[in-house]
Amino acid sequence: DIIPQPLLDQYLSMTDPARAQTVDTEIAKHCAYSLPGVALTLGRQNWHCLKDTYETLASDVQWKVRRTLAFSIHELAVILGDQLTAADLVPIFNGFLKDLDEVRIGVLKHLYDFLKLLHADKRREYLYQLQEFVVTDNSRNWRFRYELAEQLILILELYNPNDVYDYLRHIALTLCSDKVSEVRWISFKLVVAILQKFYANNANALGLNFINELVVRFRHSSKWVGRQAFAFICQVG
């Protein structure tokens, strides 16, 4: 009743490999690009019409198709709601996390937007995987690490101080020693945001431990760039 059946059938057939060979090699990418709009029009109650098509696109051999979906999966999660997201999108999301950097960046750019839609217990599972974003296919891809630091600043609000101390603190310290100055700069802001998180939640002991760690690692560093980092952290704070 929402979309004429022949039109919907025509859209769903865009994932047919034969069409890519005879009609347009980019047809699957166009299908992936418009999928959130189709899902919004159909509504979450009709998601079953699109589910198989979405899973087919998510495993497409062309990384551009998977990248398109990775950039919009957070929007689809809003449309579908938490139950369908947990059941049908989380497995796809997990696959994108292990994909090429060109695909992973789509997930990374909206990591906060996706994680905040998950239940706390499901969200906590990703604490172990955030460390994996530090490693990229190409170490010269510094914008990837910059984006990670930016997202972590937002993500801090989703976790309690103990989880931040146990998992996110290590990532922040690693990024503070990055070879690229832009990454270090945004990471200094992340470190200060972590300290603010501790003290805003009365986790003073964690805050003091982290400050002592910063002093040992940077203030007393044998390299001038480490001591400079400590000065910049103080300046940002």
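1. A word on burial before we start: a residue is called buried at under 20% relative accessible area, exposed at over 50% and partly exposed in between, using a 1.4 Å probe and protein chains only.

2. Some ground rules for reading along. This is a predicted model, in which local features need pLDDT of at least 70 and side-chain atom pairs count only at pLDDT 80 or more, while totals for chains, interfaces and linings use all residues. Residues are numbered from 1 along each chain as its sequence is written, and side-chain values use heavy atoms, with hydrogens and water left out.

3. Now the overall layout. The protein has 13 helices and zero strands, where helices (H or I, at least four residues) and strands (E, at least two) are DSSP runs numbered from the N terminus. Its C-alpha atoms fill a box of roughly 70 × 35 × 25 Å along the principal axes. Taking contact to mean heavy atoms within 4.5 Å, 67% of the contacts between residues at least 6 apart in sequence join residues at least 24 apart.

4. On to the domains, whose bounds come from an automatic or database domain assignment. That assignment gives domain 1 (1-118) and domain 2 (144-236). Their centres, taken over C-alpha atoms, are separated by 35 Å. Ten residues from domain 1 and nine residues from domain 2 take part in the contact.

5. Arg104 forms a salt bridge with Asp101, the closest N and O atoms being 2.9 Å apart. These two residues are three apart in helix 6 (residues 101-109), so about one helical turn separates them. Arg104 is buried, with a relative accessible area of 6%, and Asp101 is buried at 5%. Lys116 and Asp113 also meet in a salt bridge, at 4.0 Å from N to O. Here Lys116 is partly exposed, with a relative accessible area of 40%, and Asp113 is partly exposed at 26%.

6. Grid points are joined across faces, edges and corners, and a volume is the space filled by probe spheres set on the points. For residue classes, Ala, Val, Leu, Ile, Met, Phe, Trp, Tyr, Cys and Pro count as nonpolar, Asp, Glu, Lys and Arg as charged, and the others, Gly among them, as polar.

7. The largest pocket has a volume of about 180 Å³. Its lining includes Val134, Arg140, Trp142, Arg145, Asp178 and Lys179. Helix 9 (142-155) and helix 10 each supply at least two lining residues. By class, the lining divides into five nonpolar, three polar and four charged residues.

8. The second largest pocket has a volume of about 150 Å³. Among its lining residues are Cys176, Asp178, Arg184, Arg217, Phe218 and Lys223. Helix 13 (224-236) and helix 12 each supply at least two residues, and helix 13 gives the most, with three. The lining has four nonpolar, three polar and four charged residues.

9. What about enclosed space? There is one cavity of 30 Å³ or more. Phe93, Leu97, Leu111, Leu115, Tyr126, Gln129, Leu130 and Phe133 line the largest cavity. Helix 5 (63-97) and helix 7 (111-115) are the elements that give two or more residues to this lining. Its classes are seven nonpolar, one polar and no charged residues.

10. Finally, a backbone detail to check by eye. Asn202 has a positive phi of about 60° although it is not a glycine. Asn202 sits in the loop between helix 11 (181-200) and helix 12, and is exposed, with a relative accessible area of 66%.

Note on methods. A salt bridge is a side-chain nitrogen of Lys or Arg within 4 Å of a carboxyl oxygen of Asp or Glu. On a 1 Å grid over the protein atoms alone, a cavity is a set of points where a 1.4 Å probe fits but cannot get out, and a pocket is an open set with protein on both sides within 12 Å along at least five of seven lines; lining residues have an atom within 4 Å of a point.
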